[in-house]
Every structure is written in C-alpha cells, then in structure tokens.
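Below are some notes on the model you sent over. They take the sheet, a helix pair, a pocket and a hairpin in turn.

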Amino acid sequence: MKAALHNLGCKVNAYETEAMQQLLEAAGYEIVPFEEIADVYVVNTCSVTNIADRKSRQMLHRAKTLNPDAVVVAAGCYVQAAGEALLTDGAVDLIIGNNQKNELVSILDNFFADRSANEALIDIAKTHEYESLSISHTAEHTRAFIKVQDGCNQFCSYCIIPYTRGRVRSRELADVVAEVTALSKAGYREVVLTGIHLSSYGVDRKEENAPHLLELIKAVHDIPGIERIRLGSLEPRIVTEAFVSELAGLKKVCPHFHLSLQSGCDATLKRMNRRYTTDEYRRGCEILRAHYDDPAITTDVIAGFAGETEEEFSETAKYVEEIGFYEMHVFKYSVRKGTRAASMPDQVPEKVKGERSHCLLDAEERMSRAYRERKLGLRQTLLLEEPIEIDGVRYMTGFTPEYVRGAVITEKGAGETVNGIFKEFLTKDVLLMVEK
C-alpha cells in the first residue's frame, strides 16, 4: 500500500511526522509524495491559530480530492481541539489525537478490519505518559531535530497549546541518548533539542535527582560524533547565571539562543500571562552575552495583542532595538477561540496590526544585517549542507555555530566542516567564506 504524509506547524510536529513515516515504512508501506495518488494520507495538523485550523482542514480536503477512495487520517493538535466533531467532515476517515501517533500502524490495521474503529482520541489533559516516538534518519543531511518533551503548563492567555498538547511530559534521558547515539553513527553531526516547552524538561518527574534540561544537554554532549548541539525555544526565566555558566562550559552547545519575548511592554506581558518582566528578560540577554562572545539571540514578538495601545507598542519597538536581536519572528496577533485573550476587550484592528508588524519587521531586517556584518573578517566554521549556484559559480552552503548562513567555493560534500573567514555578502543572507 502507498502512504503520503503532510506536516503542518512546529518542529515538534515535523519530528512526529517523520517518526510516523518511519513506522509506516517499517510496516511495509511505500511512501510517496503527498501530491501523488496514495491509499492512505496522513495529515499531522496544527491548531495554534484559527488560520492553522483552516489550513489543516484544507489539507485534509485536498487529500480526499486526490483520491476519494483513500483513507484520510487527521492526526495531532487540530484533532485534539475539534474532537469527534471532525468525523462529521466528509474528507476525514480516521482521527488520531496526540499521544496516540505511535500507534498509527495498529490503528490503521484496526480501521481496515473494522471501519467503525475510526477514532483514537484521549483526554490529553489527564495523561502523564510521554509518547514513545523516535527516528533513525531525517530529511536533513547533517542536522537532526530531537523531541525530548511534550506539553505545557504555562497557559499564556493567547495560546491553545496546553489544551491540545496537555501537561508537561518528559522523555526518558536514556531514550534520548540512544536515539542521538544512533543518529551520530548514521553520520549526523548536529542535533537540535526541541519540545513544546523545552525549559520544562524534567519538571514533571517526582523522583529525587531526576534530570532536568541541563543534565540532558550534558548527556547529549558526551555522545561521540556529535559536534554541535542547538536548543529549541527557551523560557527566559531559565536563563540564570548558574544555568548559563554551566552551559558555557559545554563547547558543543552553539551560541545561538531563542528566547521568546512576545512583547517589550510589561503591561502587555501581564495580559499575556507571560510570567516575567522586561527587566528579567534583559538580564537573561546580559548573562548570555557575558558568557559568550556576541551570541546569536533570536526571539518571537506578537504585534497588536489584545488591548495593545500605541504607547505599549512604542515600548516594544524601542525595547527590541535596545536588546538587539539577530532575528525576530514577528506575528500579527490572531484571535484563537478557546483562549482567554479571545474575549479580552479592545481588540486591535487588523490594519493597525499590519502596520505594527511592518514596523517590527523593518527593525528585524536592520538588526539581522548588522549582526551578520559583524561576522565579516572573522574566522568561522561551517557545517556544510547543500549546494547552490549563483552566476554560474557553484557553492556549498552551511551554517556557523551562531546559525549565520555562509558559502564556500568547494566540491566538499554535505556533512563536512570547513574553516574560513567571512569576506563579503554573497546574497541577501549568505556570507562568502574562504578556506584556510
């Protein structure tokens, strides 16, 4: 039988989609591109915004259009949000919620045996079990994303994720080490530790001396063959002097940190239920810069959150310039049904959201260019990943530890490293490197 998969949403979803694909491959399914005719279509859905819900529905309908006789499986967060009502959608044959994806093959077997067995959905808020999923390879040639944690206990006022992903659940450290070890033996040189709320790794464990995030990073750091470790999005409050001083001693950890901000205004942060202040966030950035030489600090910012006044937005615009980010991911606030923020007064008009978003994006472009220009003339290391061709010249591109994209004129293959000096801008976001 042929199966096709499509992923929507975050890096955690992407990891789970790859894991489901490998489960299907092991069961004898032939994996084909999503746009081809298949017997089974699996759409790993997203529900972070109302727009994500709509995109999920669209992909489910596209699958049924491609082959009306196929079994269309809706999996993931949108399933948790919509529940059994999703089965009334004529495009959907089978629903699989979160914490059930590892049972995909047996669920499909049961469905083929008995068409009435069309749902695998649990009350995600009541589960304490981490879903066992793993990968042996990935679509990336050199970098592998590793899911180590699921769920979130934060309940930010704009976010549906705690309701679709459940409470914090941490993966066994030994399982993470085993997966990364296997990937290292398969030739992967860089891993990215990721989760729904990565900073909460281990907080659900009640046993004495249970490992938390730092212990997990140290364990991965000791695995032979792994040259680089990147971290997914971090909660600003975890960035303490004690945490960073130990982290800085782990030389495989890349000086590239994503600290989600969302707003540079304390009043807005309070309405968001973000649980830190702008002073605390600033202090975290100062600690990172004290321990690392010009680290890449990236962030997320929401433009036009409920009740955001012109004065509050001005505070945010000024604050991000003061912090100075390598990159900012800017989002216009999207009302999400089922969250506290959806019923807040003084919702910002879409036109104003757009204007504020453009203002922040302009700042992001300036800051990003300034950061990359600071790397000119410095000796750096690239982990080579893929070829490009510009004006008839072939290059291999890759990323520095700070995740600055560079290129070398070389015939070296993906997965190799090369040292050189950043000389000049090659394209908008790629620097040219010259080998030693």
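Which strands does helix H4 lie across, and at what angle does H4 run to E5?

1. The model is a predicted one. In it, helix H4, residues 104–113, lies across E3, E4, E5 and E6. Its direction is at about 155 degrees to that of strand E5, which covers 94–96.

2. The strands under discussion belong to an open sheet of six, paired in parallel and ordered E2-E1-E3-E4-E5-E6. The edges are taken by strand E2 (30–31) and strand E6 (119–120); each has a single partner strand, so one side of each has no neighbour in the sheet. E6 is thus both an edge strand and one of the strands that H4 lies across.

3. Within this sheet, E3 (residues 40–45) and E4 (residues 71–76) are joined in the parallel sense by six bridges. One of the residue pairs is Thr 45 with its bridge partner Gly 76 in E4. As a general point, side chains in a regular strand alternate between the two faces of the sheet.

4. Next, the helix pair. Helix H11 (residues 310–323) packs with H12 at an angle of about 10 degrees, and their axes are 10 Å apart. At that angle H11 counts as roughly parallel to H12, because the cut-off for this class is under 35 degrees.

5. On the H11 side, the contact is made by Glu 310, Phe 313, Thr 316, Ala 317, Val 320 and Glu 321. They meet Val 352, Arg 356, Cys 359, Leu 360, Ala 363, Arg 366 and Met 367 of H12. Sorted by class, the contact has eight nonpolar residues, four charged and one polar.

6. Helix H12 (residues 350–373) also matters for the second largest pocket, where it supplies four residues, the largest share of the lining. The pocket holds about 200 Å³ of space. Its lining numbers 11 residues, and those nearest the centre are Tyr 326, Glu 327, Ser 368, Arg 372 and Asp 429. By class there are seven charged, three nonpolar and one polar residue in that lining. For anyone setting up a calculation on this pocket, which class of lining residue has seven members? The charged class does.

7. Last, the hairpin. Strand E14 (residues 379–390) and strand E15 (residues 393–399) run antiparallel and are joined by seven bridges. Pro 387 has Met 396 in E15 as its bridge partner. Two residues lie between the strands of this hairpin, and Asp 391 in the turn has a positive phi of about 50 degrees.

Notes: Residues are numbered from 1 along each chain as its sequence is written. This is a predicted model: local features need pLDDT of at least 70, side-chain atom pairs count only at pLDDT 80 or more; totals for chains, interfaces and linings use all residues. Side-chain values use heavy atoms; hydrogens and water are left out. Two strands pair if DSSP finds at least two bridges between them. Contact means heavy atoms within 4.5 Å. Axes are lines fitted to C-alpha atoms, for helices over the stretch in contact, and angles run from 0 to 180 degrees between N-to-C directions. On a 1 Å grid over the protein atoms alone, a cavity is a set of points where a 1.4 Å probe fits but cannot get out, and a pocket is an open set with protein on both sides within 12 Å along at least five of seven lines; lining residues have an atom within 4 Å of a point. Grid points are joined across faces, edges and corners, and a volume is the space filled by probe spheres set on the points. Ala, Val, Leu, Ile, Met, Phe, Trp, Tyr, Cys and Pro count as nonpolar, Asp, Glu, Lys and Arg as charged, and the others, Gly among them, as polar. Angles under 35 degrees count as roughly parallel, over 145 as roughly antiparallel, 65 to 115 as roughly perpendicular and the rest as oblique.
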